[in-house]
Amino acid sequence: MKYVLKPVLTAVAALILVSCGDGAPTVSLRQQLLDRLQESVSDGKILYGHQDDLSYGHAWKVEDIEKDPLERSDIRDVAGRFPAIVGFDLGAIELGRTANLDDVPFALMRRAAITHVGRGGIVTFSWHPWNPLTGEDAWGMPAGRAVASILPGGENHDSFMGSLRAVGDFFDTLRDADGQRIPFIFRPWHEHTGSWFWWGRDHCTVGEYVALFRMTHDYLAVERGMDNIVWCYSPGRESDESVYMERWPGDDVVDLMGLDCYTYLGEDGVEAAVVRYKEQVGGALAYMTRLGKEHGKLICLSETGFEGLPDPTWWTQTLYPTIREYPIVYVLTWRNACDRPGHFYAPWKGFEHAGDFKAFSEKERIVLLNL
Ligand code: BMA
């Protein structure tokens, strides 16, 4: 199946062409990654991704953050290959901590990201920053007017720019052995169509959300000159297309249209949860496919999964049939916590239904990392 998206010239296109030493224009790292993603979609491929895959997994974690060869991965244990995409979260970097909200040291995150890209993989970053107004974590309530407070003119603007600086400083250290920045996907201010985070729908106006996204983009892409970032917009589960697009930050600052949507187990059991999931994800991917074409953007399932995988054939009978109709560039399942036995979204060595993931990973359209 071939999917071709028309190339779109945006204001950011100005950033694509940078000059190299001899004056000849060269393609930015962002554009190179986008071209690679586009090519993959055009070939009908879906890249598989897993959050925190190289840092820890079900009942294990990297201990020696400087010397560990980073060869362990729950996905590799089960399927023999690393995921094509590895996700990381920056939450707590803005507090000046040395490890993120899930205790992943930033030094390890850096090594893992650089190592994965060096192996030919792709990395993506999300960020669950603490509430700048209340000091609570990203989920803390009530959120108040936190977003308004960090925009220009707000009482927390200056301190928040310090948080963005911390993100930029970390991103700046993501460099290969030649000292060149590595390209990556960043999807800040995610799941904002819900209201569980302080940047969610009930806690800021449309204009404030858009200003927040654009301020983040402009600081990193323009002020810090980071032309190695592919920008992803990832609302939460939305059946309504107008809600999905309500807070669209603009074609000029977004490259990828994402969706965070999980299978949720309700009182009505696994089967009903699966039916709901297929409707929700299928429905959203259908309108995202159209929107992607209209806006000249790639689409992806930026976060998904079924906690604890109670559906034995979730990969082959639930996820795969739901996504295979759509030109998504990647699907990423959430983390396998090392310290919470039931909090996993991908199989691990010894998990009873691991074979279903292996079968999924061997589908022609699904891509893992071939070393
Ligand atoms: C959530 C859970 C939390 C975690 C957070 C950020 O979905 O996995 O345990 O802290 O993501 O990674």
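Trp189 is placed in the loop that runs between strand E9 (184–186) and helix H7 (206–223). In this predicted model, the phi angle of Trp189 is near 55 degrees, a positive value in a residue other than glycine. The relative accessibility of Trp189 is 1%, so the residue counts as buried.

Asp52 sits in the loop between strand E3 (46–51) and strand E4 (56–57). Its backbone also has a positive phi, near 55 degrees, in a residue other than glycine. Is Asp52 buried or exposed? With 1% relative accessibility, Asp52 counts as buried, because the limit for that class is under 20%.

The ligand site may be taken next. Around the ligand stand Leu101, Asp102, His128, Trp139, Trp334, Arg335, Arg340 and His343. Sorted by class, this shell has three nonpolar, two polar and three charged residues. Which distances separate oxygen atoms of the ligand from polar side-chain atoms of the protein? For Asp102, an N or O atom of the side chain is 2.5 Å from an oxygen atom of the ligand. For His343, a polar side-chain atom lies 2.6 Å from a ligand oxygen. For Arg340, the corresponding separation between a polar side-chain atom and an oxygen atom of the ligand is 2.9 Å. Taken alone, the ligand exposes 310 Å², and the protein buries 79% of that area.

The structure holds 37 aromatic pairs. One of them joins Trp315 and Phe357, whose ring centres are 4.7 Å apart and whose planes stand at 85 degrees, so the pair is edge-to-face. The assignment follows because planes over 60 degrees apart count as edge-to-face. Which elements does this pair tie together? Trp315 belongs to helix H10 (residues 314–323) and Phe357 to helix H11 (residues 354–361), so the contact links parts that are 42 residues apart in sequence. Trp315 and Phe357 are both buried.

Phe344 and Trp348 provide another example. Their ring centres are separated by 5.6 Å and their planes meet at 90 degrees, so this pair is edge-to-face as well. Both Phe344 and Trp348 are buried.

Aromatic residues also gather in a cluster. One such cluster is formed by Phe88, Phe106, Phe125, Phe170, Phe171, Phe184, Phe186, Tyr209, Phe213 and Trp231. A charged side chain takes part in a further arrangement with a ring: Arg97 lies over the face of Trp130, at 5.1 Å from the ring centre.

Arg290 is located in helix H9 (residues 269–295). At 39% relative accessibility, Arg290 counts as partly exposed. With which side chain does the side chain of Arg290 make a polar contact? The partner is the side chain of Glu241, at 2.6 Å.

Lys349 is placed in the loop between strand E13 (328–333) and H11, the helix that holds Phe357. The relative accessible area of Lys349 is 61%, so this residue is exposed, because the limit for that class is over 50%. Along the chain, Lys349 and His58 are 291 residues apart, while their C-alpha atoms are separated by 8.6 Å.

Two further residues are described by their distances across the model. Pro83 lies in strand E6 (residues 82–83), and its relative accessibility of 0% is the reason why Pro83 counts as buried. Between Pro83 and Gly269 there are 30 Å in space, C-alpha to C-alpha, for a sequence separation of 186 residues. Ser149 lies in helix H5 (residues 146–150). With a relative accessibility of 1%, Ser149 counts as buried. How far apart in space are Ser149 and Lys67, C-alpha to C-alpha? These two residues are 42 Å apart in space and 82 residues apart in sequence.

Methods: Residues are numbered from 1 along each chain as its sequence is written. This is a predicted model: local features need pLDDT of at least 70, side-chain atom pairs count only at pLDDT 80 or more; totals for chains, interfaces and linings use all residues. Side-chain values use heavy atoms; hydrogens and water are left out. A residue is near a molecule or strand if one of its heavy atoms lies within 4 Å of it. A polar contact is a pair of N or O atoms within 3.5 Å; within protein, one must be able to donate a hydrogen and the other to accept it, and residues adjacent in sequence count only if both atoms are side-chain atoms. Accessible areas come from the Shrake-Rupley method with a 1.4 Å probe; for residues, only the protein chains shown count as cover. Ala, Val, Leu, Ile, Met, Phe, Trp, Tyr, Cys and Pro count as nonpolar, Asp, Glu, Lys and Arg as charged, and the others, Gly among them, as polar. Rings of Phe, Tyr and Trp (its six-membered ring) pair if their centres lie within 6.5 Å; planes under 30 degrees apart count as stacked, over 60 as edge-to-face and the rest as tilted. Helices (H or I, at least four residues) and strands (E, at least two) are DSSP runs, numbered from the N terminus. Buried means under 20% relative accessible area, exposed over 50%, partly exposed in between (1.4 Å probe, protein chains only). A charge sits over a ring if NZ of Lys or CZ of Arg is within 6 Å of the ring centre and within 35 degrees of the ring normal.
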